[in-house]
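Here is a short report for a reader meeting this structure for the first time. Please look over the model first, then read on.

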Amino acid sequence: MFWRKAALSGVAALGTVAAWAEEMPALSFYGVPGYVEMPSAFSLPDGTLALSVNRHDGNVTRGNLVFQITPRVTGTFRYSYLQDFRGAGNSLYDRSFDLRFRFVDEVPSTWRPSVAVGFQDFGGTGVFGAEYLVASKHFGPKITASAGIGWGRFGSYGSFRNPLSVFSDKFDNRRRISGIEETGRVGFDRFFRGEAALFLAMDWQATDRMRLSVEYSSDAMKDEVAQLGFEHRTPINIGLEYRLKNGGVVDLAVLNGSAVSLGFSMTLNPARPAAPSGREPAPPAIMSGSSEAAASWGPLPGTDKAERLEKALAAQGLRLDGLRIEGDTAMVAVTNLRWPAAAQAWGRTMRVLSAELPAEVQTFRVQSQVKGMAVTDLTMTRADLEALEFAPDGAWLAFVRAGIADPAALPDPRISPDRVFDYRLRPYVANALFDPDNPLRVDTGLELRGEWSPTPGLYFSGALRHKLIGNLDSVTRESNSQLPHVRSDSGLYARGGDTVIPYLTAEYFTHPRKNLYGRLSFGLLERMYGGASAELLWAPENRRYAMGLDVNYVTQRDYDGIGFLDYSVGTGHLSGYYEFGEGYLGQIDVGRYLAGDWGATFSLTRRFGNGFEVGAFFTLTDVGFEKFGEGSFDKGVTISVPLHWLIGQPSREKSGMTIRPVLRDGGAKLSSRNRLYELIRDDRDAADGDRWGRFWR
């Protein structure tokens, strides 16, 4: 079917029809930039996330999640429903991944087109498996055209002998996936194999909101003809797209002269928040200081003075953890409770100190605290703050002039710190995806969270969750796993009761020396496991890399959450982190998993400047593909959305989800809260200059 995308917030910024057509290419029936069924070589704007759903009267429904990983690389996760595909009452729920790479860029002033290579359904059942090479060109502001060659599904109509056979006869034959035991494997031995075929497509931007397309499809729809009774009358597909005012796109297409397809798509750019920023209160002005003499404050300020400073910081979303004055220098420990950008929290702290502390105090040294650990030490002078507050390039100059250091070896300004207690009641949403009996199950209810810190670094935390409505407990399918049921019995936990304790822990965090961080945790660590966990992180300042080690010994919790089962295991990983720049974080975890298997998890996450994250991961262990079961190995997509991205007001809250094609027992990790690298990442990035444009906000 014919898919087009108009970004919710991006369309307005594009301004003209020509710009929109070039920047926001259509989405095909498969959810990727293309026409009706056939792909194009165009890419979405970098970082764009697209959601689409469509159905045609051949009993096929698809949902697609597309992410423009880099300006050249596009990734897609697809979930499809083929009704009665395996016979009456036996439908196919298919999960698949795509990757495509644009390796030639179009040059508008010449005849050079964009050229891309794509791999469709390379890690699923192979029902939609195809590879293609396609070239695309704009002809003026309103017309695009593409031509390509395809293999697999895209090489099944008007096919001819594979041109790659001139290199080897092995390219002549394309092996079919034999059964469920192969589902999920990457078919390297099938890429560009078998017969090939040519396809052509073009579209026309008829009006501001409407595009028309026509294509010659190289997909003979063989499986749909054989299994669903589909009629393939012609290779010509025709599509129409209409862009709504809210940015959504409605599509209508006629497939192969015999089926009508209807769909809807929506795109967003994580770099462009759904709600505009700037709703936070204006920051206080830089002041020359109070009229009180520094001597009257003393090294440890009196109660009234400390309370006044504490209230001023609290009004800015900051918690005062400690204060000490020595000569003309004030050392202050604060915890950021509100600001998603660490640099903005530091800027607000400096403003408050300039107003509240005596004029004789000329140097401010702020220690940024995370879970009781002093993570960053930032030093600035009153003179620099006064000089740079309204400077055109004041944020950059503030970063250049600031002294930023690891505070592990520096004096701690906290003296007899107050005990900290915090609690909150908020709604929660839990989901289970892609169960063949019901692809979408959701619970929602209320969760009460509490945290008490009697002394720096020591935290007692817990949560109580009560379901109000949902259907997670309707899971009836039982696990057939040959491995210990470390995750595949998750449905039994959903049936364990409406009121549960997700976690209840005692944790200790420490920053004992420069570049070194530690965590000890004990208790109910997650919904399915309790025990002990220890983590050590080495994160050298001003370096892109870090290394960590976590060691855990856990026992599986009973389904009702009260007691324990008789399964215990030691698990842990050696982790390597590398910041590639532009928000890309690579991570490798090597070690032992919950089922006792050994292997490694590879992940790549992209974080945008506002904290929105999209990532992907896969895990390979010594569990064979057959023993792992459906899916062959663990893999998935992660999305984390900061609350401030949605509401436009400052908040450190986030909501995330992991999309897995299937949840099995191989490669299963302990779901640890408060992993050290994530705790210190914001401060670490800010110390390298990240988001310093918000220092004066």
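The text below covers aromatic rings, charges over rings, a helix pair and a few single residues.

**Aromatic pairs**

This is a predicted model. The structure holds 30 aromatic pairs. One of them joins Tyr 493 and Tyr 559. Their ring centres are 5.1 Å apart. The planes meet at 80°, which is over 60°, so the pair is edge-to-face.

Where do the two partners sit? Tyr 493 belongs to helix 9 (residues 490-494). Tyr 559 lies in the loop between strand 27 (545-557) and strand 28 (564-581). The pair links distant parts of the chain, with the two residues 66 apart.

Are Tyr 493 and Tyr 559 buried or partly exposed? Tyr 493 has 4% relative accessibility, under 20%, so Tyr 493 counts as buried. Tyr 559 has a relative accessible area of 28%, between 20% and 50%, so Tyr 559 is partly exposed.

A further pair is formed by Phe 695 and Trp 696. Here the ring centres are 5.0 Å apart. The planes stand at 90°, so this pair is edge-to-face. Both Phe 695 and Trp 696 are buried.

Rings also form a cluster. Ring pairs link Phe 29, Tyr 30, Phe 128, Tyr 132, Phe 154 and Phe 199.

**Charges over rings**

Phe 128, a member of that cluster, has Arg 62 over its face. Arg 62 is 4.2 Å from the ring centre. Elsewhere, Tyr 503 has the charged end of Arg 673 over its ring. The distance to the centre of the Tyr 503 ring is 3.8 Å.

**A helix pair**

Two packed helices are described by the angle between their axes and the distance between the axes. Helix 5 spans residues 303-314, and helix 6 spans residues 342-356. Their axes come within 10 Å. They cross at roughly 145°. The crossing is right-handed.

Which residues make the contact? Helix 5 supplies Arg 308, Leu 309, Ala 312 and Leu 313. Helix 6 supplies Thr 349, Val 352, Leu 353 and Glu 356. By class, the contact has five nonpolar, one polar and two charged residues.

Thr 499 lies in strand 23 (residues 499-500). What does Thr 499 touch, leaving out residues up to four places away in sequence? Its contacts are Leu 464, Arg 465 and His 466. Thr 499 and Arg 465 are 34 residues apart in sequence. In space, their C-alpha atoms are 5.6 Å apart. Thr 499 has a relative accessible area of 44%, so Thr 499 is partly exposed.

**Positive phi**

Most residues other than glycine have a negative phi. Asp 84 has a positive phi of about 55° although it is not a glycine. Asp 84 is found in the loop between strand 5 (73-82) and strand 6 (92-104). Asn 542 also has a positive phi, near 60°, and is a residue other than glycine. Asn 542 sits in the loop between strand 26 (529-538) and strand 27. Asn 542 has a relative accessible area of 53%, over 50%, so Asn 542 is exposed.

**Accessibility at a glance**

The table gathers accessibility values for residues discussed above.

| Residue | Relative accessible area | Class |
|---|---|---|
| Tyr 493 | 4% | buried |
| Tyr 559 | 28% | partly exposed |
| Thr 499 | 44% | partly exposed |
| Asp 84 | 28% | partly exposed |
| Asn 542 | 53% | exposed |

Notes
Residues numbered from 1 in each chain as written. Predicted model: local features only at pLDDT ≥ 70, side-chain atom pairs only at ≥ 80, totals over all residues. Heavy atoms only, no water. Phe/Tyr/Trp six-rings, centres within 6.5 Å; stacked < 30°, edge-to-face > 60°. Helix = DSSP H or I, 4+ residues; strand = E, 2+ residues; numbered from the N terminus. Buried < 20%, exposed > 50% of the residue type's maximum accessible area, 1.4 Å probe, protein only. Lys NZ or Arg CZ within 6 Å of the ring centre and 35° of its normal. Axes fitted to C-alpha atoms, helices over the stretch in contact; angles between N-to-C directions. Left-handed = near helix turned anticlockwise from the far one by under 90°. Contact = heavy atoms within 4.5 Å. Nonpolar A, V, L, I, M, F, W, Y, C, P; charged D, E, K, R; others polar.
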